[in-house]
Amino acid sequence: MKTKKEKKKDISLKQAAINNIYAVKLLWRASRKSVIHMGLSEFFGHMTWMFFSVFFIRYIADAIQNDTPFMTIFTYITAVAAVMLFLSLYNSYAANIVRPLEDVKVYSRLYSEIYKKAENVELSCYEDSGFYDKYTMAVDGASEKITETVRLIFAIISALCAGMVTYIAMFQIDKKLILFVLSPIVGNFIFGNIRNKLSFRFYKEITPFTRRTEYVNRLMYLSDYAKEMRLSNIYNLLEDTYNKAVDNNVATARKYRVKNTASGFGQYFLSYPVIFEGICLYGMYSALVVKTLDLSQMAVLTSMMGLASWALINTANNLMTCSRNGMFLHNLRSFMEHTETIPENGDGIIPAPKITSIEFRNVSFEYKPDSPVIKNLSFKLSDGGGKSSIALVGHNGAGKTTIVKLLFRLYDPTGGEILLNGINIKEYNLRAYRNLFAAAFQDFKIFAGSVRENVLMGRKGGDEVVLSALKRACVAEKIESLPGGADAVLTKEFDEDGQVLSGGEFQKIVVARAFANPAPIKVFDEPSSALDPIAEYELFESILEESKENFMFFISHRLSSVKNADEVIMLENGEIIERGTHTELLKLNQKYADMFQKQARNYQPETFENEVAV
C-alpha cells in the first residue's frame, strides 16, 4: 500500500492537462505543419462520420419514405461522393506525404532539444539514480508520446463537436436516451482514471528494474565485454542480476493485477455492453412494442446511436490516454525545465588569453552531506613562481580525480574557492573557461570514428597537427601502419573493417588528443595506466616537454613518472600530507618515499638504489 507521501507524488489530472498543453507547444515548435494537418485530418474524419450518421442516412430514409425523385437523390449522393473524394485525397496526402516527412523533423528537432538539455545538465545529475531514472523515462518514446498526445487532443475536440451534434439530433427523437450517456462516463472517467494512475505507478516502479535488464541486454552484444564474459564467471552474476530484475518486474505486475483487473472490468462493462446493447434494446422496444418510433426513425436512430456511443467512448478513452501521457510527459517536462546548478551555457567573463596562475584556496568538497572528500586544500601554480606543473599522487580514494573535477568545474566546491588569474572560476563563461583545458583521462573513451576524429575531437586541424600529436604520444608509427593511416576507422561499431588496437595504443591516442589541443592547461589523469614501463617513460618524456609551454596537472599512481614535476602533492583522505619536489619528498623519508621505494623495487632496482643513495 502506498503511503500518504507516495500518493502525493502521483500526477493530478490538472498537472496532466498542463503537461498535455506543454506537449502541444513542443510539437508546434518542432513542426507547425504537423500540428495543422493533424488537426484538419481529425476534424474532417469526425465530421465525415457525423455527417453520414446524422444527416446522410436521415436524408435517404426521409427521401425514400416521401417518394423523392430518383434524380434528386442521385444528385445529392453524387455531390456527397465528390466531397468525400476530395477529403479522401487530402487524408491520403496528409497521411502518406506530410506526416512521414514531418515525423522525421519532429523526432530530429525534439531529440535535439533533449540532447542539448542533457549536455547542459551538470554531471552530478547523471550520478543521481533518481534523476537518471527520470531522464530515462523522459526520452522513452518521447517523440511518439508527444505526437500521439497532440493527435488525441484534436480527436477529443473533433469527437466532442461531432458527438454534440449527434446527441442534439438524438434528443430531438427521444429525450430518454440521455440516460444511456451516464454509463460510459462512469466507466471511463472513474474506472479509466483509476487504471491510468495504476499504470503510471506501475511504470515508475518497474523503471529501475527495466534499466537493469536493458543494461545486461546491452552488455551481451558489446564486444568490449566479450573477453571477460568468456574468461570469468561474470555471466552468472549478470544472469543473476537480470533474473532478479525480471522477478521484481513480475512481483510488481502481480502487485497491481487485482486492481487492474477490477478497474478494467468496470471500465469495459460500463463503456461497451451497457450502452450498445442497452440502446439497441430500447430502440427496438420503442419501435416494435410501444410504437413511439417508426422503422425509418429506428434506422436513423441506430446509426446515430452508433456514432454517439463511439464519440463518447472514444472521447473518454482519449481523455484517459491523454491523462496517462500527461503523467509520462511530466518526466520530460521536469527534465527539460530542470534548473542547472552549473549550466554548461552559463555566461560570464571571458578568460584572458594568457594564464598566469591557478590556485586552490582552502577548498573543501563533499558529494554527500557530512562526508567530505576534499578538506581545506590549498596550492598554487604560477608562471612566475617556478611551479607550472603539479603532480597529484596518493592511494585510491585520496581525492585526486575529484580535484580535477573541481578544476574543470564539473562540480563547485562546498567550501573555499578556485581562482584563475586571481578570479573565482565561477565568474567565467563556463564554455570559455573549459576551453582552457586539454585532458587525457584514465577512464577514456574511444569513439566509433577515424583516428583523426578521435584526436581532433571536433576541432579543426590539418595532417600536420594530427601527425605531430601522434608522434609526441609515441603512437604515430602504429597509426601509419594501418590501412588509411590517420583516416583508419577505430572500433567495429559501424565498420567490420574497423581497427581494434591494444589498450595502451588507444590510451596513447587519448594522450594525442591533449597534445593536439592548443589549450594552455594540460591535465593528465593516469595517462599511462595501460602502458609498460618503457612506453610509459617515453610518453612522460613527451608530456614533460609539453609542460615547458603549458600549465600541467598530473595524476599518477606511478611515482617514477612524476618525479620531474615542479611540485608533488601527496594526498590522503582528501588532505595534503606531503608536498615538495620529488627529491625533497624522498629526503623526508615518509609516506611518499615509502611508496616510491616499493614501486621502484618492482621496476628498476639498480636505478632505485643509485637514486636513493644520491
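Analyst: Before anything else, pLDDT is the predictor's confidence in each residue, on a scale from 0 to 100. You'll want that here, since what you're looking at is a predicted model.

User: Okay, where in the protein is confidence lowest, and where is it highest?

Analyst: The general idea is that where pLDDT is low, the predicted coordinates should not be read in detail. In this protein, helix α1 (residues 4-7) has the lowest confidence, with a mean of 40, while strand β5 (residues 423-424) has the highest, at 95. Across the protein the mean pLDDT is 82, and 91% of the residues reach 70 or more.

User: Over which residues does pLDDT stay under 50?

Analyst: Residues 1-8 are one such stretch, and the model gives them 5 contacts beyond four places in sequence. Residues 605-614 also stay under 50, with 9 contacts of that kind.

User: Which residues line the largest cavity?

Analyst: Met137, Ala138, Asp140, Ala142, Lys145, Phe328, Leu329 and Leu332 do. Helices α6 (129-139), α7 (142-173) and α12 (295-336) are the elements giving two or more residues to that lining, and α12 gives the most, with 3. By type, the lining of the largest cavity splits into 6 nonpolar and 2 charged residues, with no polar ones.

User: And the largest pocket: how much space lies in it, and what lines it?

Analyst: About 1500 Å³ of space lies in the largest pocket. Its lining has 34 residues, and Phe408, Leu410, Arg434, Ala439 and Phe441 lie nearest the centre. At least two lining residues come from each of α4, α5 (123-126), α13 (400-407), α14 (430-434), β6 (437-440) and α18 (503-516). Sorted by type, the lining of the largest pocket has 18 nonpolar, 4 polar and 12 charged residues.

User: Now salt bridges. How many are there by this rule?

Analyst: The thing to look for is a side-chain nitrogen of Lys or Arg within 4 Å of a carboxyl oxygen of Asp or Glu. That rule gives a count of 16 salt bridges.

User: Which distant parts of the chain does the pair of Glu340 and Lys117 link?

Analyst: Glu340 forms a salt bridge with Lys117, with the closest N and O atoms 2.6 Å apart. Glu340 is in the loop between α12 and β1 (357-368) and Lys117 is in helix α4, 223 residues apart. Glu340 is buried, and Lys117 is buried too.

User: How far apart are the closest N and O atoms of Glu337 and Arg333?

Analyst: They're 3.3 Å apart, in another salt bridge. Glu337 is partly exposed, at a relative accessible area of 44%, and Arg333 is partly exposed at 23%.

User: Which residues are linked in a network of salt bridges?

Analyst: Look at Glu359, Arg361 and Glu417, which are linked in such a network.

Methods
Residues numbered from 1 in each chain as written. Predicted model: local features only at pLDDT ≥ 70, side-chain atom pairs only at ≥ 80, totals over all residues. Heavy atoms only, no water. 1 Å grid on protein atoms, 1.4 Å probe; cavity = no way out; pocket = protein on both sides within 12 Å on 5 of 7 lines; lining within 4 Å. Helix = DSSP H or I, 4+ residues; strand = E, 2+ residues; numbered from the N terminus. Nonpolar A, V, L, I, M, F, W, Y, C, P; charged D, E, K, R; others polar. Contact = heavy atoms within 4.5 Å. Buried < 20%, exposed > 50% of the residue type's maximum accessible area, 1.4 Å probe, protein only. Points joined across faces, edges and corners; volume = space filled by probe spheres on them.
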